[in-house]
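Trainee: Please walk me through this structure, one feature at a time.

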Amino acid sequence: MSIIKLHDKFFKPYISKDIIAEAVKKLAKQIGKDCKNETPVFIGILNGSFMFIADFVRKYKFNCEVSFVKLASYEGTNSTGNIKELVGLNQDLEGRTVVILEDIIDTGNTLQQIYEIFKDKKVKQLKIATLFYKPDVFKKDLKIDYIGISIPDVFIVGYGLDYDGIGRNHSSIYQLTTEPKFKNILLFGPPGVGKGTQADLLKEKYNLVHISTGDVFRSHMKKETKLGKLAKSYIDKGNLVPDEVTIKMLKGVVTKHKNANGFIFDGFPRTTEQAKALDLFLESHGQTIGGMIALEVPTKLLIARLLERGKTSGRVDDQDENKILNRFNEYFTKTEILKDYYKSQNKYFGVNGVGEISEITERLSKVLDNL
Ligand code: AMP
């Protein structure tokens, strides 16, 4: 899970799907215990409660009826306190046990309205259940019978709750946060370590632009451009393309993405010269490298991986063990020293690159989230 943007605001992950599911199950169990000898009418307060109710009734093991009413009381991030409308309550509830299911109770204004409305309905009993509850802001002297999760006074969205109409479709809960800082990361490691695979996943997750210098070169080679022809003479042998050429190309690609949130550089820098050029270039745009995240995998595993990839990748430099060994040689003599370059700036983070793809993404995300 990562930060999401809704309208002008940013929200960070707060309560996971699993924790919500546990709370819903707990509520269904508690209410079931109290109401199992009759058929209660569950009344969901729309819109926010729809997801909660759908999950709740599936966990409720006994007979029940379900109805919905609408009490719109939210405008933006502040509870306005004015309930604007009540729609949908046309069922006769006399003598029935009614359980109001709320997605969230904060100030209690909505709850008070509900108590008012039900005062003259001659119900047998009225019970209140809420998935989320904010004890710090609840000001009313009203009873809440069942509480799923108590939270501090933070503005939350997701799992049915919205911010100005959107955000309800997220299956977990997010809380309001400040705008994330621009992120530029270097995904680092020897050939075949999984940089490309992980970069593709991380770029989606963090809304970053992925620049793989190897991919850019290969695309030029395919189109047989002048740059492609030049690069091919180095790449096919497993040698590095000269710095001058690579740096110029990289600057061109970065400049094309004016509105990027940040970049994942994959396969760049590969020499100290390139690292210095990148620093200067970013600095001139008021930016910096957030960190170098290095995937660590034993070399033995990598050679086998690359030969395997060579069977389908169509890459000349993946198909011959000597070329692969030359790429490692280039890496260990010219590129690996960059670890020290970033370590000295406290920007180096090593991550175990052995395991399931999703596991490795999680490890990388942990580093990224803390940058
Ligand atoms: P990759 O796809 O990252 O494995 O890169 C494939 C090949 O492209 C490398 O072996 C180099 O020949 C060339 N290349 C990619 N990035 C760079 C770079 N930053 N500097 C020099 N050569 C590069």
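Trainee: What should I know about the model and its numbering?
Mentor: This is a predicted model, where local features need pLDDT of at least 70, side-chain atom pairs count only at pLDDT 80 or more, and totals for chains, interfaces and linings use all residues. Residues are numbered from 1 along each chain as its sequence is written, and side-chain values use heavy atoms, with hydrogens and water left out.

Trainee: Which domains does the assignment give?
Mentor: Domain bounds come from an automatic or database domain assignment. Here the chain is divided into domain 1 (4-177) and domain 2 (185-369). Taken over C-alpha atoms, the centres of domain 1 and domain 2 are 48 Å apart.

Trainee: How many salt bridges does a search of the whole structure find?
Mentor: General idea: side chains of opposite charge can pair when their charged atoms come close. The criterion is a side-chain nitrogen of Lys or Arg within 4 Å of a carboxyl oxygen of Asp or Glu. The search finds 22 salt bridges.

Trainee: Which residue forms a salt bridge with aspartate 318, with closest N and O atoms 2.9 Å apart?
Mentor: Arginine 327 does. The side chains of arginine 327 and aspartate 318 also make a polar contact at 2.9 Å. A polar contact is a pair of N or O atoms within 3.5 Å; within protein, one must be able to donate a hydrogen and the other to accept it, and residues adjacent in sequence count only if both atoms are side-chain atoms.

Trainee: Where is arginine 327 placed, and what is it in contact with?
Mentor: Arginine 327 sits in helix α10 (residues 321-335). Helices (H or I, at least four residues) and strands (E, at least two) are DSSP runs, numbered from the N terminus. Contact means heavy atoms within 4.5 Å. Leaving aside neighbours within four places in sequence, the contacts of arginine 327 include Pro191, Gly238 and Leu306. Arginine 327 and isoleucine 235 are 92 residues apart in sequence, yet 9.2 Å apart in space, C-alpha to C-alpha.

Trainee: Which salt bridge does aspartate 236 form?
Mentor: Aspartate 236 pairs with lysine 232, the closest N and O atoms being 2.6 Å apart. Aspartate 236 counts as buried, at 16% relative accessibility. Lysine 232 counts as partly exposed, at 40%.

Trainee: Why does serine 49 count as buried?
Mentor: Serine 49 counts as buried because its relative accessibility is 0%. Its place is the loop between β3 (41-46) and α2 (50-59). The serine 49 side chain reaches the backbone oxygen of isoleucine 45 at 2.7 Å. Beyond its neighbours within four places in sequence, serine 49 is in contact with Gly44, Leu101, Glu102 and Asp103.

Trainee: How do I read the backbone geometry?
Mentor: Most residues other than glycine have a negative phi, and most peptide bonds are trans. Here a cis peptide bond joins leucine 46 and asparagine 47, with omega about 0 degrees. Asparagine 47 is in the loop between β3 and α2. Another cis peptide bond joins phenylalanine 268 and proline 269, with omega about -5 degrees. Proline 269 is in the loop between β15 (262-266) and α8 (272-284).

Trainee: What is the phi of tyrosine 159, and of asparagine 346?
Mentor: Tyrosine 159 has a positive phi of about 50 degrees. Tyrosine 159 is buried, at 5% relative accessible area. Asparagine 346 has a positive phi of about 55 degrees. Asparagine 346 is exposed, at 68%, in the loop between α11 (338-343) and β17 (348-352).

Trainee: Which residues make the nonpolar surface patch?
Mentor: Patches are made of residues with over 30% relative accessible area and no salt bridge; like charges are joined within 9 Å, nonpolar side chains (Val, Leu, Ile, Met, Phe, Trp, Tyr) within 5 Å. Accessible areas come from the Shrake-Rupley method with a 1.4 Å probe; for residues, only the protein chains shown count as cover. Phe50, Val66 and Phe68 make a patch of about 230 Å². Valine 66 is in strand β4 (residues 65-71) and counts as partly exposed, at 39% relative accessibility.

Definitions and conventions
Buried < 20%, exposed > 50% of the residue type's maximum accessible area, 1.4 Å probe, protein only.
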